[in-house]
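Student: I would like to learn how to read interfaces in a model. Could you walk me through some?

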Amino acid sequence: MDSKIDHIKEQLMSGRITRREFAQRLMVLGIAGTSAGTLLTWAEKTQAAGKRGGRLRAGIAHGSTTDTLDPATYENGYMSKINYAIHNHLGEVDHTGNMAPELAESWDAQNGAKTWVFNLRRGVEFHNGKTLDSDDVIASFQHHMGETKSPAKSLLKQVKSIRKDGKYTVVFELSGGNADFPFVASDYHIAIKQAWDGGKISPNDGIGTGPYVLKDMEMGVRFFGTRNPNYFKSDRGWFNELEMLSIVDPTARSNALATGEVDVIDRVDLKTAHLLARKSGIKVEETTGTKHYTFPMRTDTSPFDDNNVRLALKHAVNRDEIVEKVLFGHGVVGNDHPIAPSQPFHAATLAQRTYDPDKARFYAKKAGGIKVKLSAADAAFPGAVDAAVLYKEHAAAAGIEIEVVREPSDGYWSNVWMKKPWGACYWGGRPTEDWMFSTAYMGGASWNDTFWKNDRFDKLLIEARAETNQAKRREMYFEMQKIVSDKGGVVVPMFANYVFGTSDKVAHGTMAGNWDLDGDKFHERWWYS
Amino acid sequence: MSAKFGILVVLIYSIVAIFAPFIAPYGEREILGRSFELWSDKYPLGTDNLGRDMLSRMIFGARNTIGLALSITILAFLLGSLTGMIAAALGGWVDQILSRIVDVLMSIPSLIFALLILSIFGTSVPYLIATITVIDATRVFRLARATAMNVVVMDYVEVARVRGEKLDWVIRKEILPNITAPLLAEFGLRFCFVFLFISALSFLGLGLQPPSADWGSMVRDNASLITFEDITPLLPAGAIALLTVAVNFIVDWLLHKSSGLKDVS
Amino acid sequence: MIHILKIVTQRFALGLLTLFAISLIITFGVELLPGDLAEAILGQGATPETVKVFRTELGLDKPAHLRYLSWLYGMATGDMGVSLANKREISELIGIRLSNTIFLGGFAAAISIPLALFLGILAALYRNTLYDRVVNTFTLTSISFPEFFVAYILILFFAIKLGWFPGISNVSTNLSLGDKLYRSMLPAATLTLVVVAHMMRMTRAAIINLLASPYIEMVRLKGISPMKIILRHALPNALAPIVNVVAINLAYLVVGVVIVEVVFVYPGLGQLMVDSVSKRDIPVVQACSMIFASVYILLNLSADIISIVTNPRLLHPR
């Protein structure tokens, strides 16, 4: 028992659980009365609280000289972290995966989730001193609607109109009910920026309401910002200065951390993560989120139009070995649908598909033998080529012949993904089931990389979106996961953790898992102990 | 002495490369154990990240790597030195055209050039060979032309021309023997540049198709371990280095013989 | 002398022609690559609709040859244009990167060329001795390791174990020269190890090649010391191949260092060019390739002139 208490004490001290979770675990352990009281007082005193000061230096795995500050072009992890350093959004995903208010103080659904009213926080200032109001929010949304290059455009297609209702209220009218709209409205692209004369934002001005003020930036090399003295969150944004370097080479990144050139790195090279963790003064941590690695097949192309082929291939992969050798254990096996175990409507009761050469052989025989090419590049996800090579060997045991084609990383997303019949792909995942399914599984969706269409699935998707009864919703999402898993065109062998390294001087609370490094908001949420 | 050492090493490498399937304890792509198993009786050099036997990969790697490097280097030398000598011997507009083409090709950074070609045409082995051959040949051309230029202006070449000797005779009998030395020296180095180029290509996600083993990519795949004092990547890198040293020792020996110096040890 | 001047002018004209040819090849090479800037920047987030809007915004809907012609016109009038991706003036974008690249290349050259000549001459002098073999083995080993691997080994020893130098070269413009040298020590050392063997071996080979010539025999018979023979009589005549190899390696130090830049996070031109190729930012690729090509052409021209000056037969062709 004592060791268990010590364990949760340690978790609290390191910030892996909150005080409330600490109390809950005490209850689970059956501790009550005075001893619990003492422990809770201790917890209150101990729980890490933010401390102001210092300069945080981070080494980030992305970044290119062609990046721009325009929110419509944010595509990589480097720009995403800059985005969250200088901008805020209507809401933010918190460490429990729920939507918490940010620039919107509250929101309200009306008319069967077809009308959404967002009440803005008052007195929030942009870095140049201008106060935020509803015109800014409307202009920021319009940047991603109509004639635009923004990837958020397809998300906002459901918005019929936006109008302001006074200085601090914005009303959205949707074409259909969407119970998850606050998530959509807080998509990372939709950074809230100032509306200049003419009612448009100036996308490259680098001015937001966020925790750090942009001082100096060389694209693809370095970002430098200082603390926003007027930041509206009093308990966030602890560092005086923030420096982010783009360090694309994984070895260079871990060297930079090991030699103390930076304090935080993302995307630790999994091959050497255990060795890095052994170094003194360095912590390697991970969060579980919705990131998953997939092998989508084009179901409109032979031989993948035959579900027997798809089922054979789904049974022909040894997921455990791939998790062990490609993720080095930093992840969990997937069940051929995109909903992560951490998500509220994950179908835990759905039987886990396992490596079964006999079943694979059975389906392959029904399909009349299988001989296919699998395209992969490490641009798809780190270790994609290795995963494909393992897949090839697994399938060979079932008499299925896979030829692995290593494609150039250069231009992978425009030349291979959704072009070649079968390839490797990665999804950062989406915070809600509806969003994920609508993005990549609904018939005709822009990013439906399996070109799959299932009428029953599409019908359920629309219904579940507007359904407000949680139990009914759960049932629908369960059925949808089963349909994708049994009939869909995607092999989802694994969900990958976000693994990152920090100096042990850096402290944090319970972390969010929606993106790397605490939801890409490490600079706002962490501090120096 | 060092020449004998060189020959011995090259001989061993060739035997390993030719008889790889009989020497290697396991298959090239066979997945046997866990990732990065330590050295043991079962796996003499441990296993790689996918759990394949390192020793077997090294042995099969010899085959792919040496074969590729040898064919590319020989092709590049044939192409480069021949055109270089022709350019020097003929001079005039032939020289101009060839030299300008080479200038153009060499002024484009080689990695960018390879990236362009391989991204457009794909990374199959023939294209890989062709691309690196062309890149290497431009370097050989320059050297061959520059050294041949020095020979062409010699009196004896002049005499031969006046005598009415044909171009191929001049090249074979007069120019080639006199530029063999620098060309040979270059050969030894170009040979190992091929390995390096392939491993640099794997930096950009191009290179040999998996699961074939080649030493350049094996260094790349395991390189990160070296900063944690794990010597695994030194194995393929050492294999390349040993071969390079051996080949260059032989080259030095040949160089010495052809130079006609009497103090050969 | 007039002859040399003539050659120089002629070569400059040819150099311009070469640049023109390269600009054509690069432009249409990148144009041929599948995908364009709009698709590359939007990446996984691209949809046909948004790509179309982006293309119009970037002017990519105009045909390639028109874009090329307007670029060519700009170049001729001294305007490099703006980056498609972030609308920055290319001259400004490239300025800092170029000075960084030249700084690193110059630093590495300042170490490696004297070192290579020195080692090469000694190796020719003491050929086939233990010294010769040790130097040869060491330099050959160092070049048979890929650049990034040499870099990692140096980092292991000098940054992680000894802590003498930083593991990444975070150079910014406002650093003092001393700081800059300190921060770029490891990348420069890596480059030195990579290029020194080639130059050193060529020096050695070229000198040894001459040692058997009759005129050297003659000098030797006069009883002059071997060191003097090499420095006075062999080296000047061996300069042509040596200078050629030095030129190639110098060009490499400027043009080919992208991998060292990546490993040490050094903000140079190579990284900019690779980024721009992979994002299909053609104006930037063109500008970079023009700079690289000019560097290469100038170095070559110098090498050729030195060869000509040192060989009277080439100086006065019949």
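**Reading the interfaces**

Tutor: Gladly! Between chain C and chain B the count is two salt bridges, a salt bridge being a side-chain nitrogen of Lys or Arg within 4 Å of a carboxyl oxygen of Asp or Glu. In one of them, C:Lys161 pairs with B:Glu229 at 3.1 Å, N to O. This is a predicted model, where local features need pLDDT of at least 70 and side-chain atom pairs count only at pLDDT 80 or more, while totals for chains, interfaces and linings use all residues. Residues are numbered from 1 along each chain as its sequence is written, chains are lettered from A and ligands numbered from 1 in the order in which they are written, and side-chain values use heavy atoms, with hydrogens and water left out.

Student: What is the area buried between chain C and chain B?

Tutor: The size of an interface is often given as the accessible area lost when the parts come together. Here, buried area is what two parts lose on being put together (1.4 Å probe), summed over both. For chain C and chain B that is about 5600 Å², with 71% from carbon and sulfur atoms.

Student: How many residues from each chain does the contact take?

Tutor: Contact means heavy atoms within 4.5 Å. Chain C brings 62 residues and chain B brings 63.

Student: Which domains does the assignment give for chain C?

Tutor: Domain bounds come from an automatic or database domain assignment. For chain C it gives domain 1 (2–76) and domain 2 (97–315). Their C-alpha centres lie 31 Å apart, and 26 residues of domain 1 of chain C are in contact with 23 residues of domain 2 of chain C. Together the two domains bury about 2000 Å², 78% of it on carbon and sulfur atoms. C:Arg11, C:Leu19 and C:Val30 supply 25% of the area that domain 1 of chain C buries against domain 2 of chain C, more than any other three residues.

Student: Which residue forms a salt bridge with C:Arg11?

Tutor: The partner is C:Asp304, with the closest N and O atoms 2.8 Å apart. The rule finds one salt bridge across the interface of domain 1 of chain C and domain 2 of chain C.

Student: Which helix gives the most to the side of domain 1 of chain C that touches domain 2 of chain C?

Tutor: Helices are DSSP runs (H or I, at least four residues), numbered from the N terminus. α1(C) gives the most to that side of domain 1 of chain C, with 15 residues.

Methods
Helices (H or I, at least four residues) and strands (E, at least two) are DSSP runs, numbered from the N terminus.
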